[in-house]
Amino acid sequence: MTLQELVNRAASLYSDRKAVWFDECNVKPPTFYTYATVVKLAMELTAFLQKHCDPQGKCEIGLYCYPGINLPSWILGILQVPAAYSPIDPDAPPVLSSYFMKKSNLQYILVENDKINKFRMSHVDYFYHDSSTIEHIGLTLFQMSSSNADLNSQVDNVKSKYEPFKAMGNLQPGSTVCPDQTKVKTSEGGYMDIGQKYSLAYVLHTSGTTGIPKIVRVPHKCIVPNIQHLKSIFEITQDDVLFLASPLTFDPSVVELFVALTSGASILVVPNTIKMMPVELSAALFHHHHVTVLQATPTLLRRFGAHIIKSTVLSANTSLRVLALGGEAFPVLNLLKSWKHKENKTSIFNLYGITEVSSWEISLTDFPIPLGSPLLGTKVEVRDTNGSAVLEGEGQIFIGGEERICFLDDEITVPLGTMRETGDFVRVQNAKLFFLGRKDNQIKRHGKRFNIECLQQAAEDLCQVEACAVTWYQQEKLILFVVPKDDLEKRETLKELQKRLPAHAVPDELVLIKALPLTSHGKVDISELNKIYQNHLNSRRRDSKLSGAEELWERLQYLWKSVLGLLGDSTGISKDAVFLYSGGDSLKALRFYDEIEMLVGKAVPGLLEVILSRSIEEVYRHILKILFSDEDQLMNYDNVVKRKLSGNSGEELHGKYIKLKSERGLEVASGLTSFIALSRGNKFFPMNFTKSFMQPTNTVQVGVELLQQPSFQHLVTPSIMKSHAQGYEMENRILTVTNKANKTDCCSVQQIPAECSHVTTAELALCIRWKSNTRKCVDASPLVVIPSKEVSASVYVGSHSHAMQAIDLDLGEIKWEKNLGDRIESSACISKCGNFIVVGCYDGLVYVLQSSDGEIHWTFVTEDTVKSSAVVDPSSGLVYIGSHDQHVYTLDIYKKACIWKLHCKGGAVFSSPCLSSSPHHLYVATLGGLLLAVNPVTGNKIWKSFLGKPLFSSPHCNEKYVYVGCVDGNLYCYTHSGEKVWQFSTNGPVFSSPCISSLTKQEIFFGSHDCFIYCCNMEGNLLWKFEATSSVYGTPFVFQSGDLKNKILLAAVSTDGKVWILNAKSGTAEGVDKLPGEVFSSPVVWETKLVVGCRNDYIYCLDLYITGKKDS
């Protein structure tokens, strides 16, 4: 049975009844067609199309029109060809319509006559006129041109908009596909073929809000059961009047049209503009036409407003028998009760379904509101992340059925019984399904994962709220938009939400609006809400006028407490309080920074650096200097803070250089020490090896062609295998990138959640070998140095206690400890000769310490805190390092001289510079969002790129590309000449630096604040991602050991203290351990020993071993 057969059957029974009403809601009276007229006009259109269209297999005909009196005749006329109708919205962006027409391969388009000019202007040169106008039908037929180069470019534009990197492959029957594609689960059996004669009813496309818009072809077999079952459930008769509430491009319109037209009932059509006017619309529906059945999204219903809903839509004497709500989460109980008059008899249904399957579930609502029972022929399953059925608990809905088959994009055959992934999560309780939220709406905030719909439901439950919506603005701020009922007090509303919600679900801000913006499908328009919030911010900046320094101090304290979640704390803030030690982190610092700039209404250069390293008093003084220039407003504070060099004696100031005389004379050793140095992100630094060290009897063997390596900064970790002589052989592998695109099979992309992966697959165990107390947090990453001679390997690391320690890697014994002038977050590097350690310090100094005993060889003064980690040129021995004073410096530590310095003019240099040998470039990233390429010899800028958001991540490069992470959530890839190649997006800021290793050839590893560890290839395609249990701040480390089955492994840490050992190729967990504190340090691995710092004041060394084989 087809849709047109059902309509013709009804028309034969009810030929004189009114099939369609069209009301323009103005002085013109409504017009109507009877069933006989609808069928007559449809037959004329069918005959015309059969004459002028050559279907050549499956026939699909586009319909470019607004809803009107002729709409049912037009659709029926196309179906009777037989052909599938494919609605095109005249108000949609032309590039999206063009993409849809090209992707659907539409050969014919019927255009409403008074829309011809609009169509031609939007789609110039794409079609040619191939027919005469049919005046009484009101349509003109256009046929696609044979040459469509422009249209192809339009399609590419849409792809680039919805898919910033590389298009994923099309769905194949029976496959599980990549991220952002609908997953398919199938049962054994036959196939449905798109080429089956007369099989298709209509063709739609998804909205594209969560990825590339998908084309969905729906057979009659898939939609007819819905129509028949809903008619039965709603008890539709010829006396009913249904409203065409949905646009033709939204699949509920099919239900509205055909539930009416197959029953002898009437369908009411009004212009789109009337749908935007609540008073006029309610009058048309319930006073003039007495609509009995209304299907709508909850947001569209809310558009009427609480008063109209209660007094008209759901009043005691309303004409409305049936209200079916779908397309969004069902309203909460209290809200629904407040809408209904106590004597209202309307039956309210909850509809659920997805465009990709066109099969629904339905429930006559009770409380709480479940999704209900499947419609005729529909099968629903709930599965966990492993694909196992969920009988009780939480999981994702899969929906389909034996013949509930739709065709997505280029699918030609689909197995019968295919189940489609919906992206919707539910709780199964006593065999009922309760909606939890969209996968797209799941966010991780303050380390906790939740669905933003829970905030919306809590807000809807408040009596002052008429309607509301939530956005995760720029993946940084949780914003609640509220349409208020009465006089709503923002602060009181937020307090009420704090009582009802966990802290991580409380919104950052509440914004009052007059009405919720809607998409053409009647859903909340999130992009419009974000624009409203941006305008709100701009307005706030204009209106933000501080009366003076005293108000600034009060507002600053309020913002401090607000960002740190301390508004309930009545105690004052100490002037010496430092943001990072008051519960703050880098992410909160960014928010504090944004709030301050919004408060003062202007940019405050250098502010982020001060927040990250200074007290609240110094933050306050820094802002004062920018805002108020007169001395009275500065409250007698000095304009410049004099730096104190505590803990050092015998200072001699010569310009900007300070020489500290050591307690004993220091001679630079003329002999060169041979060693290997390892630091975060697989920076591998073998130095000074001669042929004598390449003999099998020696401890270490490495290649000597160091200058052939593509990047000095991150010379990649070699594969390590124990030899029979108890030494270690090393392949000096050089990372190369071929020109061939790495065509990764999309089906191999994996997402591995932490909760389950290590439980079943872990083969490795970790145990503490030793730990060393530094007396304060260790945020710096360790430097591991392995000498070639018979001297034990050393770990060098600094702490917030001002202490720099050298620790025996094997035994954990402290070889020496040196107190510097302030906190140390900079990771140390070793000099070319191996005799010195170079490290930055909060006191603004770069310290050069003797590696053997920690004595000071030289200090160099910068103008601000040094958190940047130095990098050494293995050829010249020059040291490159950045400072919060916005400079990058080149130091000759042997001559104790600064060779050159460069003002980056783009914010503090927090991260470590990156040195490339070919081309000979130094790459520098700043907290102002600037990526610079600098000539390492002269200090001249070669190119720069402004990314717009702070760069905490250190750039890394190979011989072809430069990579850097950004707090806008992207990993960026540039050529060495400064052209952006691609960007890879995550759902949280990227503080982690990219890790590149020759062991894995073509992979890049990095972490994100969205709690995932990512692996992508050199073309920017995702290979796998692993979900950790908290944000990933540190940089991963790739390693291989014969003691661990020679697997190529990846070490990574999450901020909750978890140490993850993953299979670098597949992303599955091989082992996990938890340290007793937060971790912002990056791990370094040598052999089977992993070293990392922890915020519980200790530096840890963990032993890795295969489960059950530790003793051996």
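These legends walk through several close-up views of a predicted model.

Residues are numbered from 1 along each chain as its sequence is written. Because the model is predicted, local features need pLDDT of at least 70 and side-chain atom pairs count only at pLDDT 80 or more, while totals for chains, interfaces and linings use all residues; side-chain values use heavy atoms, with hydrogens and water left out.

**View 1. The whole chain, before zooming in.**
The protein chain holds 21 helices and 69 strands; these are DSSP runs numbered from the N terminus, with helices being H or I of at least four residues and strands E of at least two. Of its 1112 residues, 61% are buried. Here, buried means under 20% relative accessible area, exposed means over 50%, and partly exposed is in between, using a 1.4 Å probe and protein chains only. Take the contacts between residues at least 6 apart in sequence: 59% of them join residues at least 24 apart. A contact means heavy atoms within 4.5 Å.

A nonpolar core is a set of buried Ala, Val, Leu, Ile, Met, Phe, Trp, Tyr and Cys residues joined through side-chain atoms within 4.5 Å. The largest one here has 69 residues, and L49, I61, L63, I75, L110 and F258 have the most contacts inside it. Helix α2 (residues 35-52) gives the largest share, 8 residues. Skip the neighbours within four places in sequence, and L49 is still in contact with I61, G77, I78, V81, L110 and L141. Another core, of 38 residues, lies apart from this one, and V1053, V1059, V1091 and C1094 are among its members. As background, nonpolar side chains in soluble globular proteins tend to be buried together.

**View 2. Helix α2 crossing helix α3.**
The axes of α2 and α3 (residues 71-79) come within 7 Å and cross at roughly 45 degrees. Axes are lines fitted to C-alpha atoms, for helices over the stretch in contact, and angles run from 0 to 180 degrees between N-to-C directions. That angle makes α2 oblique to α3: under 35 degrees counts as roughly parallel, over 145 as roughly antiparallel, 65 to 115 as roughly perpendicular, and the rest as oblique. On the α2 side, look for V38, V39, L41, A42, L45, T46 and L49; they meet P72, S73, W74, L76, G77 and I78 of α3.

**View 3. Helix α17 passing helix α20.**
Helix α17 (residues 549-564) and helix α20 (residues 616-627) have axes that come within 11 Å and cross at roughly 135 degrees. That makes α17 oblique to α20, and the crossing is right-handed. The α17 residues making the contact include W553 and W560, while Y620 and L624 are among those from α20.

**View 4. Strand β53, covered on both faces.**
Strand β53 (residues 930-934) has 5 of its 5 residues buried. L930, L932 and V934 sit on one side, with L931 and A933 on the other. In a regular strand the side chains alternate between the two faces of the sheet. Strand β52 (residues 921-925) is joined to β53 by 4 bridges and runs antiparallel to it; two strands pair if DSSP finds at least two bridges between them. Strand β54 (residues 941-946) also pairs with β53 in the antiparallel sense, over 5 bridges. A933 is a handy landmark: it is the bridge partner of Y923 and stands opposite W943 in β54. Now check the turns. The β52 and β53 hairpin has 4 residues between its strands, with G929 at a positive phi of about 90 degrees. The hairpin of β53 and β54 has 6 residues between the strands, and G939 takes a positive phi near 85 degrees.

Four strands form an open antiparallel sheet in the order β47-β48-β49-β50. The edge strands, β47 (871-872) and β50, each pair on one side only. Strand β49 (residues 887-892) pairs with β50 over 6 bridges, and H887 stands opposite H903. V909 lies in the loop between β50 (897-903) and β51 (914-916). Is V909 buried or exposed? V909 is buried, with a relative accessible area of 1%. Not counting residues up to four places away in sequence, V909 touches H884, H887, C904 and V924, among others.

Conventions: A crossing is left-handed if the near helix is turned anticlockwise from the far one by less than a right angle, and right-handed if clockwise.
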